[in-house]
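Today I am looking up charged side chains and their partners.

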2 protein chains.
Amino acid sequence: DSQHSLENMSDPYSSDPPRHAVLKPASVKPFNAETPPFLLVEQFITPNELFYVRNHLPVPQIDPETYELEVEVEGSNKTVLLTLDDLKKFPKHTITATIMCAGNRRSEMTKEKPVKGLNWGPAAVGNATWAGVRLRDVLKKSGINEDDKKWKHVQFEGVDFDPTGKTYGASIPFWKAIDKRGDVILAYEMNGSPIPRDHGFPIRVIVPGVVGARNVKWLGKITVSENESDSHWQQNDYKGFSPSTNWDTVDFSKSPAIQELPVISAICTPSANEVVKVQDGHILVKDLGYAWSGGGQKIVRVDVTVDGGNTWHIADLDCQDAAEPPQHWSWTLWSARIPIRSGIRNVEIWAKAVDSCYNTQPETFRNIWNLRGVLNNAYHRVPIKTQ
Amino acid sequence: DSQHSLENMSDPYSSDPPRHAVLKPASVKPFNAETPPFLLVEQFITPNELFYVRNHLPVPQIDPETYELEVEVEGSNKTVLLTLDDLKKFPKHTITATIMCAGNRRSEMTKEKPVKGLNWGPAAVGNATWAGVRLRDVLKKSGINEDDKKWKHVQFEGVDFDPTGKTYGASIPFWKAIDKRGDVILAYEMNGSPIPRDHGFPIRVIVPGVVGARNVKWLGKITVSENESDSHWQQNDYKGFSPSTNWDTVDFSKSPAIQELPVISAICTPSANEVVKVQDGHILVKDLGYAWSGGGQKIVRVDVTVDGGNTWHIADLDCQDAAEPPQHWSWTLWSARIPIRSGIRNVEIWAKAVDSCYNTQPETFRNIWNLRGVLNNAYHRVPIKTQ
Ligand SMILES: [Mo]
Ligand SMILES: [Mo]
């Protein structure tokens, strides 16, 4: 009705969905919020209502009855339109995958030197079971030959749009989209329910092992192309730079778009300056943190230290699924029992993870600092008090 | 003749091939030697006679006329025997790929705390053009269905053997062996010539992106299996451990075999304590070093600093081939022009590389130290004198 239209004109966010009260907002319009860290590591599968939300624009209202996904093959006159029912006729494929924001843990990098971006803590990440249809199957049905060397990228457009009418967009390399082991799906379910509005209802492309920004929500269009998406978010955002690059010298065309994310870990409990009990000369921290690596790599070890690296302790990898690299898409939850020298009251816990390529985390934010505050995978360092 | 047999009995290394005089031996029997670093970075393709040699055992003498490669499918009675002529009937496939020893740069880690292993400098690595037949084609021809979930590993056995008769052996995951984009080849040529004896004549399996130890030379047998190779080198060597793990506590079954190597870079010229000229307030170093990452990841940036990370300078990536990740198998050669504050006489050049997954190198050896001295990918730090 006209009342509703007026509201929308004055505030395009007025029809955003309700959110769980425990989510901690980094911004409200658009809505961006993370899970409280202690809740994040309680469960291997993050419940939908606790899953971090990263929206660039207002949440669109989509009628599943009239929804259509457009598939375009560039340079041909071929355009395929698929309804939800059409999509659901493809074989159903289910994966469990962690999605992480490129800016996760940005608040730590900002302390080194200010960066531009939402002030995320360590919980702009979650692990869910996604079900839908293989992008590979849809592309092949749309006439794409997987061995055609012409195709370099697959572009995605959301139906969410900015005040000028521009929609959110991103792309991934063609090889990832078409690869048998790529496991890219057009997901219609998140943890057994239709994908919630905040997470992309009715269709979100899930690109496991790849930064959240390419996992486009409210998917409206897929384009098979020789080129990357020309969207702001593909070209002028979500890229890494040298610590020496500043806003006067940055040239976004010089860095590649972030796709697979590097190895990372984070300590979720205890939180900074929390008092932790010492028993039998040890602190025992259950559900201490998570670790994950992009590209389907598996976490093979997490090391923790409370003496600045003089002695390292091997963490227990408590929850990890059975998938083998390069298709290990889920995070690992870990805990540790760490000896504490008697009389020590203030310690700093450091954590670092190693993945199945034996890549490991850089030690400090100082040498990976970048102006957009992305790729915040330095050792996590949390000061605590012991008692 | 009997004279020759007696020689072999007294010294199994007596029939090893002659080697180029500039190779710097890390051990003589077995022969292990690296390229002088300044020569290494002069050319994108490492000449055969300068390519580092990593032999675990005496070099076998193989008659190409009678050579046969055995292909076994475990649990079936199928064994295929392929002569060199049989192999050459498969389509020829050529790749350019860097091969690196797991122990490359070990001499730097040893300085942190002693480790067991050959004392490699930064040149136990080389880049060559390899031609042969796709392992994938040979396996399919041998009756292997690439989608059969039963197969987990492909084992390789050399014909080189130790005094007890045990041959060298290793394995790689089945997915890598069969993957379209895996580019694993049974190579019979290295840089356009038959593979030299030191590098595996007549057939070496080239597993691009994967540690040298799995690129088995003098290939005698391939086994498609549910299990890894049970060789010493697969099970009890070539694995990474925590800095806290020592020879009393190590359990080799607890770490995965190294396959894809992590991102690395090294400075090859200037060498330690070399005097470098300052011109217009800068040092200019051509052919300064190489950078590489396993898993087909491409180097996207190399940063250098001469003031301990206060300021970083972006290196020029001079030589890099056009292959895109995850099939970028070659290294990158880089150089840099670095400003030097006037009056400074002693500086330390540090280098770190970033790959297309935005993984980067750890800062110090201290926190990646491991008892076998493998995976030596901390920042390279070279002290020089300026003039
Ligand atoms: Mo993100
Ligand atoms: Mo090696």
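I began with B:Lys221, which counts as buried at 18% relative accessibility (buried is under 20% relative accessible area, exposed over 50%, partly exposed in between, with a 1.4 Å probe and protein chains only). This is a predicted model, where local features need pLDDT of at least 70, side-chain atom pairs count only at pLDDT 80 or more, and totals for chains, interfaces and linings use all residues. Residues are numbered from 1 along each chain as its sequence is written, chains are lettered from A and ligands numbered from 1 in the order written, and side-chain values use heavy atoms, leaving out hydrogens and water.

Which residue pairs with B:Lys221 in a salt bridge? I found B:Glu72, with the closest N and O atoms 2.7 Å apart (a salt bridge is a side-chain nitrogen of Lys or Arg within 4 Å of a carboxyl oxygen of Asp or Glu). B:Glu72 sits in strand β4 and B:Lys221 in strand β13, 149 residues apart (strands are DSSP runs of E, at least two residues, and helices runs of H or I, at least four, numbered from the N terminus).

Next I checked B:Lys298, also buried at 18%. Its salt bridge to B:Glu324 has closest N and O atoms 3.4 Å apart.

Then I turned to chain A. A:Asp198 and A:Arg19 form a salt bridge at 2.6 Å between the closest N and O atoms. Both lie in loops, so the pair ties together parts that are 179 residues apart in sequence. I noted A:Asp198 as buried at 6% and A:Arg19 as partly exposed at 23%.

Last, I logged a salt-bridge network linking A:Arg136, A:Lys140, A:Glu146, A:Asp147 and B:Lys180.
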